[in-house]
Structures are given as C-alpha cells and as structure tokens.
Amino acid sequence: PWWEENEFTTDGALLASGKGRLDPKGELVVEAGKARTPENRPQVYTLEASVTDVNRQEVAGRKSFTIHPAAFYVGLRGPGGFAEANQPFTVDVMALKSEGEQRHAGAKVTVTLKRHAWNTVQKQTLNGTFETVSEPSVVDAGTCTVTTANDPVPCKFTTEKPGYHELVAEATDAGGRKTRTNDSVWVGGEGYAALAAFALWMGLS
C-alpha cells in the first residue's frame, strides 16, 4: 500500500562511468558491469556518451533500455470489488512474455494471500507524553500453486478476517530468474479490521 515506508523506489544512481578512445571503425567497447533487477522488478538503464573530435567539438547522445527480471511476468486479476470474509473468491493467474506481451504457458506460479493489520497502541515518550504508534503485522492467509496456460487459471482463496489483504505471485523462469507480482484485495465482513493510525484519521477505514 502507498502508506508503507518500505515501498520500493529507484534513486537513479550512477552505476559505472569511464572514458576511452574510438577504434578505426569509430567504436568503443565498454564494460558496465552486471545489470540487476532489485526486488525482481524491471529496471530502466540509461547509457549516455559524448565524443570530442580533434577540433574539440563535442557531440553527445543517450539511449535507455529495460532490463526484465525474468522471461515472463505474472498477471493477477482478483475480485471486481470487495471480497467477503469466510466466502471463497477467485483470483485469475496468467503469464505474459517479457517481450511482445504474448501469453506464456507452462510456468509454475505460487500465489500467497497475506493479511495486513496494524496494532495501534499508546506509548509513553521520554518526556512523559504519549504518542500513538501503529505496529504492522503480516500473516499468511492462504496459498495456491498453479501452472499457467493460454487462458487464465483460477486460484481460490477463503480468508476468515476482514481488512486489507495482499496477493503475492512468485515464479522462476527456465534460466533460474525470479519474477514477483503484487496486487491488493480488500475483504469486508464482520469483525475489526485494524489499519494504520493515520489511515484511520484520513477516513480510509
């Protein structure tokens, strides 16, 4: 969810740099290191270069390209609205190739349903005042393993408690590279669904 502080971000860090001389063909081969996909998510890399001729005239260019974590991505389609506690709901699973967006059959995918809750308590500070603190809790509420096909394959879940739930799909391609997909499911029903304190203040419950 958007309010979690550990949400993945990219910082546009410089990975490698250097300089050299063009060969007679006007080419320069550089070693930029191994491309990485943190948290098994796609990354966009940008290569920038500038060339200076004998007259000190400079020309520059850049090119961006995407590095995929695996040969395919997993797609999830949950219930159209709220799911209901103690009532089964279906999540459709499929895989698409990283290039061309063609459907990819034969991938083993494990989907885990995780229930998120926040325990809100009052804690005393060093100066004697009290502050409201929300402590997160994540509990696995179900697991389903399927093999993708040309058509979506159903996963069925039933959760006992209402509140915010997260679907996490994980798979590994033939080269041993991992891919991960997340989606959200809100579950309604009787009972108390604990949210972060400031989410309650903002009327998100």
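The questions and answers below concern strand pairing and one histidine in a predicted model.

Biologist: In what order do the strands of the open sheet of 3 strands lie?
Modeller: Pairing in this open sheet is antiparallel. Strand 3 (72–77) and strand 8 (153–157) each have a single partner strand, so they stand at the edges. From one strand to the next the twist averages 30°. The order is 3-5-8.

Biologist: Which residue is the bridge partner of Thr90 in strand 8?
Modeller: Strand 5 covers residues 89–97 and runs antiparallel to strand 8, with 5 bridges joining them. In strand 8, the partner of Thr90 is Lys156.

Biologist: Is His116 buried or exposed?
Modeller: His116 lies in strand 6, residues 108–124. Buried means under 20% relative accessible area. His116 has 7% relative accessibility, so it counts as buried.

Biologist: With which side chain does the side chain of His116 make a polar contact?
Modeller: The contact joins two side chains at 2.8 Å.

Biologist: Which residue in the turn between strand 9 and strand 10 has a positive phi?
Modeller: Strand 9 (residues 163–172) pairs with strand 10 in the antiparallel sense over 10 bridges, and Leu167 has Asp183 as its bridge partner in strand 10. The two strands form a hairpin with 5 residues between them. The turn residue with a positive phi, about 80°, is Gly176.

Biologist: In which sense do strand 4 and strand 10 pair?
Modeller: Strand 4 spans residues 83–84 and strand 10 spans residues 178–188. Ala83 has Val187 as its bridge partner in strand 10. Over 2 bridges, the sense of the pairing is parallel.

Technical notes: Residues numbered from 1 in each chain as written. Predicted model: local features only at pLDDT ≥ 70, side-chain atom pairs only at ≥ 80, totals over all residues. Heavy atoms only, no water. Pairing = 2+ DSSP bridges. Helix = DSSP H or I, 4+ residues; strand = E, 2+ residues; numbered from the N terminus. Axes fitted to C-alpha atoms, helices over the stretch in contact; angles between N-to-C directions. Buried < 20%, exposed > 50% of the residue type's maximum accessible area, 1.4 Å probe, protein only. Polar contact = N/O pair within 3.5 Å; in protein donor to acceptor, adjacent residues only side chain to side chain.
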